[in-house]
Amino acid sequence: MSELNLASATATEIRDAIAGKELSAVEVAVAMLARIEEIEPAVHAFNQVTPDLALSAAEKIDALVADGAELPPLAGVPAAFKDNMNLVGTHTTCSSRILAGFESPYDCTAVARLLAAGVLPLGKCNMDEFAFGSSGESSATGTAKNPWDLGRVPGGSSAGSAAAVAAGMATVTLGSDTGGSIRQPGALTGTVALKPTYGRVSRYGCVAFASSLDQIGPFSRTVEDSARVLAAICGKDPHDATSAERPSEDFVAATQSADVAGMRVGIVRDLLELEGVTPEVRQSVLDAAARFEAMGATVGEVDLPTSKHGLSAYYIIGPAEASSNLARFDGIRYGHRAENPTDVLDLYMRSRAEGFGAEAKRRIMLGTYALSAGYYDAYYGQAQKARTVIASEFSAAFERFDVLLTPTSPQVAWKFGEKADPLTMYLADIYTIPVNLAGNCAISVPCGFSAENNGVRLPIGLHIIGDYFAEAKVFRAAAAIERDLALDVRSPLVSA
Amino acid sequence: MSLSEHDVRHVAMLARLALTDDEVEAMRTDLNAILGHIDEIQRLDLGDVAPMAHAIKVVNVTRPDVVTPSFPQDVAVMNAPQAENGAFVIPQIVGGGDEA
């Protein structure tokens with residue numbers, strides 16, 4: 001077997017090692033499954049591990065190698081998927097009791113495309129229930145832990161997808177991002193985390209939270225791997241009418257050039273000065289901006305004055321759409337059904353009450369209220385107008401700048417139970433939410449660490465925001481700062 | 001705006017959620033705290049701004065009007081809590097007379 005440490009290797013390295021016959025895809029699958037068996041009990045990144053699917057995919061890759069056939073772009077790369085994405089042969093539970101045991105009836109398009117690109121499906125990742133949360137703690141299947149400090153949250157809602165990559169249990173994973181649910185856990189776990197432009201990736205087969213905001217995207221160890229995954233999963237899908245008629249681009253080349261000379265980089269000044277952002281996080285963003293300047297970029301400042309109201313708009317629009325989308329969980333066609341209902345209303349009310357957790361109920365209630373008679377204009381109507389202004393402020397900023405910088409999260413990973421009050425938890429997504437409302441793209445890339453405390457240091461994420469379909473530019477900037485900082489982003493669970 | 005216990009019970013009925021008395025009280029506290037924050041959006045002067053429902057402007061996306069295979073019946077009912085002869089079984093909704 002090759003010298004490659006699979007727990008810290010990149011997708012590119014693993015594919016090259018398989019293509020060069022240094023190791024077989026089955027060896028990769030077996031080694032990763034063994035690692036999951038060892039590490040998973042401490043981290044709980046997975047709701048389900050799928051050894052049979054991983055091994056059969058690996059055998060197909062090895063057959064291609066034996067035949068001397070052309071290998072797909074992510075051949076033999078260990079992967080996992082957030083548990084709101086359907087994959088035949090797996091359960092899709094959204095970490096909710098209401099979907100316990102649900103068998104995927106078809107494949108999510110993004111998952112199917114990643115499988116077609118050759119990845120080895122290791123399993124389905126733990127998450128906040130129905131993606132409602134910023135810490136992973138609202139999962140009904142137990143809480144995923146942060147591999148940097150097992151007493152701290154990995155972020156959320158794509159908690160397990162982030163933790164699996166940071167713990168070296170998967171090389172790439174897919175998450176979904178409605179208000180920051182890819183980028184924020186990416187920041188808290190020291191992984192690279194991309195929310196593509198709305199419509200760039202099909203949402204078909206991903207259980208809907210807020211349909212006008214949801215977008216699937218990758219977690220990875222490097223910006224180049226992020227680009228490889230996006231290239232594999234993007235593009236028009238006839239099953240999702242909102243997927244964009246937009247050709248793929250050479251995202252990988254953008255990461256390899258990593259040339260930012262002449263790039264116009266904007267620091268979002270007013271958001272950087274918000275209350276609640278810690279000094280070390282603020283400083284790491286300013287330091288990154290200085291690095292961009294040293295690499296030949298032009299750095300300036302911009303304000304996005306309405307973005308700070310994005311949180312309010314989001315906690316109206318998101319729950320409103322969620323309350324509609326989750327109406328389908330009624331105990332009739334799938335999911336939990338209450339015992340001995342007296343009539344159909346009793347069946348609906350008790351099935352939902354027994355099946356949904358506290359945060360899901362809260363969001364359903366909030367959304368139902370915001371859409372109810374007499375309150376629609378004051379809440380939903382006003383939030384949609386604020387959304388227009390937030391998007392137009394981004395558009396104006398992108399006339400002056402190629403990319404914008406903010407922190408991804410106002411603070412590093414916090415301890416379990418620290419944000420027991422829902423509103424405090426919601427504030428964790430203050431930087432990521434405006435991008436979902438506008439629909440453009442952004443990435444979180446590691447840019448530093450907190451000061452060491454009791455032998456633990458925690459990663460900080462830089463949020464690089466791009467215009468609609470400007471992923472190539474975002475990748476170029478992210479790869480430049482990744483190369484320039486050359487941080488060792490292996491968590492303590494990944495040995496050298 | 002502040003939600004009363006009556007309001008919470010009304011919204012819970014609209015949302016088809018059976019809440020216990022304790023849950024009603026906890027929900028009232030939580031929702032009022034959240035609304036206390038998001039009510040600030042009502043102070044924004046947005047009179048003439050057009051509302052935005054969606055990030056990308058796509059209208060009436062259609063496909064060729066050709067019949068293609070759709071979800072097979074056995075797959076459609078495979079996750080049903082109760083199914084019989086390829087159909088979902090639910091409590092009786094209509095009547096109570098002799099139509100059964």
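**Note on cavities, pockets, salt bridges and cores**

1. Two cavities of 30 Å³ or more are counted in this structure, which is a predicted model. The largest cavity has a volume of about 50 Å³, and the second largest cavity has about 40 Å³.

2. The largest cavity is lined by A131(A), G133(A), S134(A), T178(A), G179(A), G180(A), S181(A), F209(A), Y314(A), Y315(A), R363(A) and D429(A). By class, this lining comprises four nonpolar, six polar and two charged residues.

3. Around the second largest cavity, the lining consists of A187(A), L188(A), V281(A), S409(A), Q411(A), V412(A), P459(A), I460(A) and G461(A). Six of these residues are nonpolar, three are polar and no charged residue is present. At least two lining residues come from each of α6 (183–189) and β11 (459–466) of chain A; the largest share, three residues, is supplied by β11(A).

4. Turning to the open spaces, the largest pocket holds about 540 Å³. Its lining has 24 residues, and those closest to the pocket centre are N86(A), F102(A), Y106(A), R328(A) and Y334(A). The lining of the largest pocket divides into 14 nonpolar, five polar and five charged residues.

5. Over all chains, 22 salt bridges are counted. In one of them, D83(A) pairs with K124(A), with 3.3 Å between the closest N and O atoms. D83(A) belongs to the loop between β2 (78–82) and α4 (109–116) of chain A, while K124(A) is in strand β3 (residues 120–125) of chain A; the pair therefore ties together parts that are 41 residues apart in sequence. Both D83(A) and K124(A) are buried.

6. A further salt bridge joins R152(A) and D149(A), whose closest N and O atoms are 2.9 Å apart. R152(A) is buried because its relative accessible area, 14%, falls under 20%.

7. R269(A) and E301(A) also meet through their side chains in a salt bridge, at 4.0 Å from N to O. R269(A) lies in helix α9 (residues 269–272) of chain A and E301(A) in strand β8 (residues 298–302) of chain A, so this pair ties together parts that are 32 residues apart in sequence. R269(A) is partly exposed, with a relative accessible area of 37%, and E301(A) is likewise partly exposed, at 46%. Elsewhere, salt bridges with shared partners join E359(A), R362(A), R363(A) and D30(B) into one network. R363(A) is also one of the residues that line the largest cavity.

8. In soluble globular proteins, nonpolar side chains tend to be buried together. Here the largest nonpolar core has 149 residues, and those with the most contacts inside it are F130(A), L174(A), F292(A), L404(A), L462(A) and I464(A). Helix α14 (residues 377–400) of chain A gives the most to this core, with ten residues.

9. Leaving aside residues up to four places away in sequence, F130(A) touches C94(A), S96(A), I98(A), L99(A), V207(A), F209(A), L326(A), F329(A) and F356(A).

Notes. Residues are numbered from 1 along each chain as its sequence is written. Chains are lettered from A and ligands numbered from 1 in the order in which they are written. This is a predicted model: local features need pLDDT of at least 70, side-chain atom pairs count only at pLDDT 80 or more; totals for chains, interfaces and linings use all residues. Side-chain values use heavy atoms; hydrogens and water are left out. On a 1 Å grid over the protein atoms alone, a cavity is a set of points where a 1.4 Å probe fits but cannot get out, and a pocket is an open set with protein on both sides within 12 Å along at least five of seven lines; lining residues have an atom within 4 Å of a point. Grid points are joined across faces, edges and corners, and a volume is the space filled by probe spheres set on the points. Ala, Val, Leu, Ile, Met, Phe, Trp, Tyr, Cys and Pro count as nonpolar, Asp, Glu, Lys and Arg as charged, and the others, Gly among them, as polar. Helices (H or I, at least four residues) and strands (E, at least two) are DSSP runs, numbered from the N terminus. Buried means under 20% relative accessible area, exposed over 50%, partly exposed in between (1.4 Å probe, protein chains only). A nonpolar core is a set of buried Ala, Val, Leu, Ile, Met, Phe, Trp, Tyr and Cys residues joined through side-chain atoms within 4.5 Å. Contact means heavy atoms within 4.5 Å.
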